[in-house]
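User: I am new to this structure. Please take me through its aromatic rings and explain the terms as you go.

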Amino acid sequence: MASPASAALLPFNRISRGTNKWSKLIPSRRTGISFSMGSSCPIDGARYIATGAIGRNSGLGVAKLSEGETEPQTYSWPDKKKPRVCILGGGFGGLYTALRLESLVWPDGKKPQVLLVDQSDHFVFKPMLYELLSGEVDAWEIAPRFLDLLTNTDVKFFKDRAKLLHPSDYLVAEGPKGSSCAGTVLLDSGLLIEYDWLVLALGAETKLDVVPGALEFALPFSTLDDACKVNKKLRALERRNFSKDSLIRVAVVGCGYSGVELAATVSERLQDRGIVQAINVDTTICPSAPSGNREAALKVLSSRKVQLLLGYFVSCIRRVRDLEASGHVTESVAALDFEQCDFDRYILELEPAEKGLEIQILEADLVLWTAGSKPLLPELEPCNKLHELPLNARGQTETDETLRVKGHPHIFALGDSSAFRDSNGRLLPATAQVAFQQADYAGWNLWAAINDRPLLPFRFQNLGEMMTLGRNDAAISPSFIEGLTLEGSVGHTVRKITYLLRLPTDEHQFKVGLSWFTKSAVDSVALLQNTLTKILSGL
């Protein structure tokens, strides 16, 4: 799953190509924390003023200053001498980099002050979001609070969103007089943060704005909030259809790992009460997956009667009542049998991506969108070209082999924020496994850079691929044993243990491990009781 991993910060103010002016920021509300006045790193010559102070749960703004107004308020780092590291994004890349920095041994006076910024209170272990829909895990197990994870560390956490980035590390590299930081980050709350080192690990968001109606009517599935919304919608549909003959219709757009895992989980949950239809522009599911995982997934989807519509793309999504109100009901739509009900239903128009296929019209109670994602990074285009971050066509920052942004030696980029290429020139996939490994290297390379030691080139080690296929089903293809695929309950157990060992902090691993063991014991006792009951009733 792309994890997108995962910290869903809003992008900085996006600047369209061809303009060199920063967008005006919007004021908001107040709360309190300590600040110092003034900034030694002005933003692009412009001046800003905070409308208040910021706390962990606040969300205030900043307005552009006019002549005669005071300078913006700047975050006051506790220690004026120690290095300052600002990490944007609290997913696999951001949080695990912070924890890696905390675990390293530092020379006296060299341990950096670390500030982690994320718009959510919770870290989200995205590969296990599907288990929230199946009821296999509780939210606290895969989405612990940052404050709980960082309790025994020196890492500071701010719940906030990045708004403007002004890198000036090209100045630091040249050693100008009077330069006291490598750049600044302006948060949505109005807080200006000076940094010596910056880590971009903002993740990505589902791309919904490419198809008419998708943004309004489809639900993404990449954050904790997304999973809660989908679960709430499914519960409402299940209550509505209780003791009725009508089926719940769910359309899943996209058949990569995320779409297939979602289709398998939802179809298992609905069983005979629903129909799941999965749509993919390719003629196969999970085209980049190992053949063993793909075959295992096809077998499970077929056994749960998931309808695969391969070789199609969604051209638009419309709400049924909007069509009826406008009177624009085509013959193909009119042919569908709509029940009189007080809830929304949707029409998906599918265009063939392959020759020989015909246009399809689908009806759905719930549309889940997993196709495509976009990195949460800005299109920086300030007046001074030296400020720019090199971006590829997808909006990811181009990095060197040490994960530093090209041209900016004090900025590291990980996960979805990074366009890292392997030794063959191929872009690494935006997966949790990649971000997890990059965080380890980023932490070490920050240590090396601060201590004037050589940086290590990142080398990705593909350990294999895993996917969930239901409550007691999964497929795993380890890279170190060619041709081997672990399926069913064995694959499910191995996947769960692997992810348990990947959870952040030993304390959280212990709590979750104990919780899962207790649940497993309770389920085993319940299964034994049911088995004995059936045996005794047959006597």
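Analyst: Tyr441 is partly exposed, with a relative accessible area of 22%. This is a predicted model: local features need pLDDT of at least 70, side-chain atom pairs count only at pLDDT 80 or more, and totals for chains, interfaces and linings use all residues. Residues are numbered from 1 along each chain as its sequence is written, and side-chain values use heavy atoms, without hydrogens and water.

User: Why is Tyr441 called partly exposed?

Analyst: Buried means under 20% relative accessible area, exposed means over 50%, and partly exposed lies in between (1.4 Å probe, protein chains only). Tyr441 has 22%, so the middle class applies.

User: What makes Phe458 buried?

Analyst: Its relative accessibility is 1%, so Phe458 counts as buried.

User: How many aromatic pairs are there?

Analyst: Rings of Phe, Tyr and Trp (its six-membered ring) pair if their centres lie within 6.5 Å; planes under 30 degrees apart are stacked, over 60 edge-to-face, the rest tilted. The count comes to 15 aromatic pairs.

User: Why is the pair of Tyr96 and Phe436 called edge-to-face?

Analyst: The ring centres are 5.1 Å apart and the planes stand at 65 degrees, so the pair is edge-to-face.

User: Which residues does the cluster of ring pairs link?

Analyst: Ring pairs link Phe92, Tyr96, Phe123, Phe125, Phe436 and Tyr499.

User: How do you know that the charged end of Lys496 sits over the ring of Trp516?

Analyst: The rule asks for NZ of Lys or CZ of Arg within 6 Å of the ring centre and within 35 degrees of the ring normal. The charged end of Lys496 sits over the Trp516 ring, 4.7 Å from its centre.
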